[in-house]
Amino acid sequence: MSDRTPAAQFFDAAIGLLQRVRDEEAVAVEAAGVLLADTVASGGRLFAFGAGHSSLAAQDVVYRAGGLALMNLLVVPGVVGVDVVPATLGSALERVEGLAGAVLDTSPVRAGDALVIVSLSGRNALPVEMALNARALGVKVIGVTSVAYATETTSRHVSGTFLKDHCDLVLDSKIAVGDAELSLDTVPAPFAPASTVVTSALLQAVMATAAASLAERGIEPPLLRSGNIDGGHEWNGRIMDEYRDRIFYRR
């Protein structure tokens, strides 16, 4: 057993994963950022979706200071976070076939838009069908998932496929199956998940790339500023007014 503290071990594990995705996913991150920039430049809208704890990373890029104002959260009632009671209901809803289609049919998502789908395992019916149905609508799909699950677990969708099989681009978080970075002889189960840290970093890297890509084309990136700095509210009001037809979290 290491003489480092569990806290230090976790930080080291998280840093190691961040370095891996920085180096190994650089091409995919660049492509994803350019895809979002292309969507913005062509008049499309941006959406993000995640279920359970995967929703945390999706929410992190919506209405965020320093982030793209056009990123909207695609909400599926009962699966966004762990606010539903019992919390296990959210996990059950991820396995319900047909739910993704109903959500997309009643959402503002349309052809020409881009949708980021976050699912650590990518094995449940909801993220798989969300990607399938979105692409059928003419929406570009970026999947953020751990590809390891596709080789070490079985799909829960009738097709036997995973999220990664239905995306235009895939970002691999490199998270090990089980999402627990530490183990101790005195603790009966692995612990200390790092998926939120890594997935959020991946998405912020994509957002940074998209902003820079837009600027390179001579297009002002529609970025939000903190409301806690002088002039922040005025800045955000201008951006939201200019792009009001592509922002849905104010309605």
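The expected span of a helix is taken as 1.5 Å times one less than its number of residues. Helices (H or I, at least four residues) and strands (E, at least two) are DSSP runs, numbered from the N terminus. The model is predicted, so local features need pLDDT of at least 70 and side-chain atom pairs count only at pLDDT 80 or more, while totals for chains, interfaces and linings use all residues. Residues are numbered from 1 along each chain as its sequence is written, and side-chain values use heavy atoms, with hydrogens and water left out.

Helix 6 covers residues 125-136, and its 12 residues should span 16 Å at 1.5 Å a residue; the end C-alpha atoms are 16 Å apart, which agrees. Its buried residues (under 20% relative accessible area, with a 1.4 Å probe and protein chains only) include Leu-126, Val-128, Met-130 and Ala-134. The buried residues of helix 6 pack against strand 1 (46-50), helix 5 (99-105), strand 3 (114-118) and strand 4 (140-145), where contact means heavy atoms within 4.5 Å. After helix 6 comes Gly-138, with a positive phi near 90°.

A nonpolar core is a set of buried Ala, Val, Leu, Ile, Met, Phe, Trp, Tyr and Cys residues joined through side-chain atoms within 4.5 Å. The largest one has 45 residues, and Leu-36, Leu-46, Met-71, Ile-142 and Leu-171 have the most contacts inside it. Apart from this core lies another, of 21 residues, among them Val-76, Leu-104, Met-130 and Val-141. Leu-46 touches several residues beyond four places away in sequence, including Leu-36, Val-40, Leu-68 and Ala-114.

Ala-194 lies in the loop between strand 5 (169-172) and helix 8 (195-216). Ala-194 counts as buried because its relative accessibility is 0%. Leaving out residues up to four places away in sequence, Ala-194 touches Phe-10, Leu-17, Ile-175, Asp-179 and Glu-181.

The UniProt record, an unreviewed entry, places the feature "domain: SIS" at residues 36-220. Over residues 36-220 the chain is 35% helix and 12% strand, and the end C-alpha atoms are 14 Å apart.

A pocket is defined on a 1 Å grid over the protein atoms alone, as an open set of points where a 1.4 Å probe fits, with protein on both sides within 12 Å along at least five of seven lines; lining residues have an atom within 4 Å of a point. The largest pocket is lined by 32 residues, with Ala-51, His-53, Ser-54, Glu-94 and Leu-120 nearest its centre. Helix 8 gives the most to this lining, with 3 residues.

Methods:
Buried < 20%, exposed > 50% of the residue type's maximum accessible area, 1.4 Å probe, protein only. UniProt positions renumbered as here; feature names shortened; annotations may be inferred.
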